[in-house]
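Biologist: Can you walk me through this one? I'd like to go strand by strand, then look at the rest.

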Amino acid sequence: MTDTTHTQIPMPSDDSGYRSGWSLFAESSNKFLELKLNKFSFGLTMFLIVLAILAPWIAPFPYDVVDPARGLSAPGWPHLMGTDQAGRDIFSRVLYGAQTSLSIGLVTVLFGLVTGVSLGAISGYVGGWVDEVIMRLVEIFMSVPGIVMALALVSILGPSVPSIILALSIRRITQFSRVARGSVLSVKSQDYVTACHALGMSNARIVFAHVLPNCIGPIIVLASVLLGNVILTESTLSFLGMGIQEPTPSWGGMIAKGNEFLTFAPWISLFPGGFLFLTMIAFNLLGDGVRDHLDPRGGSVV
Amino acid sequence: MDAQAPVLELKNLETHFETRDGTVRAVDGVSYSVGAGETLAVVGESGCGKSVLSLSILRLIPNPPGKIVGGSVMFGGEDLTQVSEERIRVIRGNKISMIFQEPMTSLNPMMTIGKQISEPLTQHMGLSKKQATNRAQEMLDLVQIPDSKKWLGGYPHEMSGGMRQRVMIAIALACDPKVLIADEPTTALDVTIQAQILLLIRNLQKKMGTAVIMVTHDLGVVAEVADRVVVMYAGRKVEEANVKDLFANPQHPYTIGLMTAIPRLDKITNGDDLNERLTEIPGVVLPLYDLPVGCAFADRCSFTTDKCRTDKPVFEEKSPSHWAACWQEMSS
């Protein structure tokens, strides 16, 4: 690629500019990690995910063994982050909580993204009555407060992880679909989309290969913001008794439970809160980084 | 040229837009034909329907509000206004392709140049990705982009307007189309680049035998490239002639108006009065939803008679293969 001698002689077929998807991906991700900030956010994300996966091996104590004699002990040894009112090790619970919170957060956002973006893209691209129907439905769902909707759903379906994910997703679907619709509307009137039609491309191809890639920026940013949002909403559900059920830990649930002891045992809320904070920082920075990286017009200049 | 059977033939094409103010007759019964290797220029000012006309050929009019309500577009024995959506997709970009006015926005900013040229190739010609990339590079060489191999992986924002228009031409010609519709391909470019792009289109046309429909408002471009000219006004054809006849002996007052409105460089060398105003055509194009009974140009014309107000002029042959729609006889 670097030194191309320019000749008019047709190139032999193997020496073409064509490259496999994998080599492009490898080069692209190397370039992504050249930036210090991206290295940091990617590293932090990976660190949190690995912590969650390795929780059963790292955690010094089981997350559910109650020992009132050790209740509310301050951070120190052997309880690195102290214990809660029932004497359960906060550090171990934070690690196991990472499993529930991260998986609920990621799955909810991913599900909301795929469904919401599809709906929004159909709505914006097709337009007409399809747009009207989808958007009115979305508005109906938006008119009900998210937490009320989630509570209703969980109380019908029972407080299991899948039903919590479904309950939390509905709100995200509406949010993603509105953002996606707006972007699609602005992109579909661009000249290059008309040019695609003039080249005989099918609508599916135009949407997936041309319209959606140009809408990706705001969608990625929304996804990274919503991830923290979902983890916190789950805590509200827990607080109201409709979230992850005790003794299974979740960060949101731990923060909520620690509330009562905040004045004299702040570590109960502080440590899961700190991890939530780190997670949000990591995903927001990662989201920004990915967005800039995917935009060929200035990916490396931040 | 005239002896050849036409590649593309429009007959009485009518495209209407339904708006709140009424039906806009953007294209009102226009006919023309182009033969292989021929260049037909479609001329007219903004809003005369020339872009809608070229979009109508490939059925690219957004519907609603637009609709082709009458006439036919004959291509390869088929009427493009009647064929199925699948069929017209096979023709678009493959047999008939288009270049647009704005090279700056007509390319997808998120996709590499190479990929954008190969897309129609894989779709219409069934080439593998590798073959398509090779062909894409050939096309870049053909439109004279230096360092074509490097540019396959380049993005549109890294290119100048002229280079992007070359890429557009490469995409349009990649599948070796029979007809190329160029909708004001040089309007957004510098004058020097304009000449290069026109020359490029002409050379490629010669090489590939493509019929070119050059839509423009620039009579300079017409004189440069066209074989035959169709002059449009208010959605209708008002004059059609060979390019030489048209410039030597314009038959419609509108065409005459267009010609006198061109700024002329030779006035400086002739020592004429430089402060002299350019001649303009008074008034504006009438709203297309509210056209008069008679000639649509009557209000702006200096030859208007009572007949012009009441009767639509007939499109008739004024001299051999020179047609115009005007009640007046223009002397040369």
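Modeller: Start with β9(B) and strand β10 (residues 236-242) of chain B, which pair in the antiparallel sense over six bridges. Two strands pair if DSSP finds at least two bridges between them. Helices (H or I, at least four residues) and strands (E, at least two) are DSSP runs, numbered from the N terminus. One caution: this is a predicted model, where local features need pLDDT of at least 70 and side-chain atom pairs count only at pLDDT 80 or more, while totals for chains, interfaces and linings use all residues. Residues are numbered from 1 along each chain as its sequence is written, and chains are lettered from A and ligands numbered from 1 in the order in which they are written.

Biologist: What stands opposite B:Met232 in β10(B)?

Modeller: B:Lys237 does.

Biologist: How many residues sit between β9(B) and β10(B) in the hairpin?

Modeller: Two. B:Ala234, in the turn, has a positive phi of about 50 degrees.

Biologist: How many residues of strand β9 of chain B are buried?

Modeller: Six of its six, over residues 228-233. Buried means 20 or more other C-beta atoms within 10 Å of the residue's own; exposed means 12 or fewer, and partly exposed is in between, with C-beta atoms placed from the backbone.

Biologist: Which residues point which way from β9(B)?

Modeller: B:Arg228, B:Val230 and B:Met232 point one way. B:Val229, B:Val231 and B:Tyr233 point the other way. In a regular strand the side chains alternate between the two faces of the sheet.

Biologist: Which way does strand β3 of chain B pair with β9(B), parallel or antiparallel?

Modeller: Parallel, over four bridges; β3 covers residues 39-43. In β9(B), B:Val229 is the bridge partner of B:Ala41.

Biologist: New topic. What is the strand order in the open sheet of four strands?

Modeller: The order is β2-β1-β4-β5 in chain B, with antiparallel pairing. The edge strands are β2 (22-35) and β5 (78-79), and each pairs on one side only.

Biologist: What packs on that sheet?

Modeller: Helix α1 (residues 50-57) of chain B does, touching β1, β2 and β4. Its direction makes about 65 degrees with that of β2(B). Such angles run from 0 to 180 degrees between N-to-C directions, and axes are lines fitted to C-alpha atoms, for helices over the stretch in contact. Contact means that the C-beta atoms of two residues, placed from the backbone, lie within 7 Å.

Biologist: Where is B:Pro156?

Modeller: In the loop between α5 and α6 (161-173) of chain B. B:Pro156 counts as buried because 24 other C-beta atoms lie within 10 Å. Leaving aside neighbours within four places in sequence, its contacts are B:Leu107, B:Pro109, B:Ile113 and B:Arg164.

Biologist: How far is B:Pro156 from B:Pro103, C-alpha to C-alpha?

Modeller: They are separated by 9.5 Å, though 53 residues apart along the chain.

Biologist: Now the two chains. How many residues of chain B are in contact with chain A?

Modeller: 38, against 26 residues of chain A. On the chain B side, α4(B) gives the most, with seven residues. That side divides into 14 nonpolar, 14 polar and 10 charged. Ala, Val, Leu, Ile, Met, Phe, Trp, Tyr, Cys and Pro count as nonpolar, Asp, Glu, Lys and Arg as charged, and the others, Gly among them, as polar.

Biologist: And what angle do α4(A) and helix α7 of chain A pack at?

Modeller: About 35 degrees, with their axes 5 Å apart; α7 covers residues 161-188.
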